[in-house]
Amino acid sequence: NYDFALTRYHMNGSLDNTFGNSGIVITPILSAGDQGMAVAIQNDGKILLGGSTDNGSNGDLALARYNTNGSLDVTFDTDGIVITAAGNANDIIRAVAVQSDGKIVVAGYSYTSISFSYDFIIARYNMNGSLDNSFGTGGILTTAIINNTNDYAESIAIQTDGKIIVAGYS
């Protein structure tokens, strides 16, 4: 069993004891297989941690938001955690970015049983944790870079004009 894990350090490398439990935060998302993979800081200092969680049959996108002291931000969804079954098999967040309007954009990959391969996945969330239905289909967009080949998104950036750049490999 794995859980999301965060640590915060002072500039000298020592753990920041004002964050979580002596500088460490452990968050179980579901009962097993939680992996925190990407972190971003919002303009208000709140911390976003994205990755995946095992729902018992496959992986789903998992995104948690923490207050600056390491506690879960319950204004994000209702418990600080959003789980999104984006595809029909394994989904994972590998990168998180925050737009200038506060919307949260995640990138990673999703397995599709149609092509039997992984495709880039991008999802956009509103500041309250709900999917942004004005983006893609219901807040989610998948892109096959090369058809019937595994495509893995690993990094994301937001340009000053708001365009989203996603990088990875195929």
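Biologist: Which residues form one aromatic cluster here?

Modeller: Bear in mind this is a predicted model. In it, Y109, Y111, Y118, Y152 and Y169 make up one aromatic cluster.

Biologist: And how many aromatic pairs does a search of the whole structure find?

Modeller: Five aromatic pairs turn up. One of them is Y109 with Y118.

Biologist: Okay, what makes the pair of Y109 and Y118 edge-to-face?

Modeller: Their ring centres are 5.5 Å apart, and a pair needs centres within 6.5 Å. The planes stand at 90 degrees, and over 60 counts as edge-to-face, so that's the label for Y109 and Y118.

Biologist: How do you know whether Y109 and Y118 are buried or exposed?

Modeller: The cut-off for buried is under 20% relative accessible area. Y109 has 14% and Y118 has 18%, so both count as buried.

Biologist: Then why is the pair of Y152 and Y169 called tilted?

Modeller: Centre to centre it's 5.1 Å, with 35 degrees between the planes. Under 30 would be stacked and over 60 edge-to-face, so 35 degrees leaves tilted.

Biologist: What does the pair of Y152 and Y169 tie together?

Modeller: Y152 lies in strand β11 (residues 152-158) and Y169 in strand β12 (residues 164-169), so the pair links parts 17 residues apart in sequence.

Biologist: What does relative accessibility make of Y152, and what of Y169?

Modeller: Y152 comes in at 17%, so Y152 is buried. Y169 sits at 47%, which lands between 20% and 50%, so Y169 is partly exposed.

Biologist: Back to strand β8: why is β8 largely enclosed by the rest of the structure?

Modeller: Because eight of the nine residues in β8 (residues 104-112) are buried. On one hand, seven bridges join β8 to the antiparallel strand β7 (residues 91-98), with I92 partnered by Y109. Nine bridges also join β8 to strand β9 (residues 117-125), again antiparallel, and there V106 stands opposite A123.

Biologist: What lies between the strands of those hairpins?

Modeller: β7 and β8 have five residues between them, and G102 in that turn has a positive phi of about 90 degrees. Between β8 and β9 there are four, with F116 in the turn at a positive phi of about 55 degrees.

Biologist: Last one: how do you know whether S117 is buried or exposed?

Modeller: S117, in strand β9, has a relative accessible area of 1%. Under 20% means buried, so S117 is buried. Leaving aside neighbours within four places in sequence, S117 is in contact with S110, Y111, T112, N148, T149 and N150.

Methods: Residues numbered from 1 in each chain as written. Predicted model: local features only at pLDDT ≥ 70, side-chain atom pairs only at ≥ 80, totals over all residues. Heavy atoms only, no water. Buried < 20%, exposed > 50% of the residue type's maximum accessible area, 1.4 Å probe, protein only. Helix = DSSP H or I, 4+ residues; strand = E, 2+ residues; numbered from the N terminus. Pairing = 2+ DSSP bridges. Contact = heavy atoms within 4.5 Å. Phe/Tyr/Trp six-rings, centres within 6.5 Å; stacked < 30°, edge-to-face > 60°.
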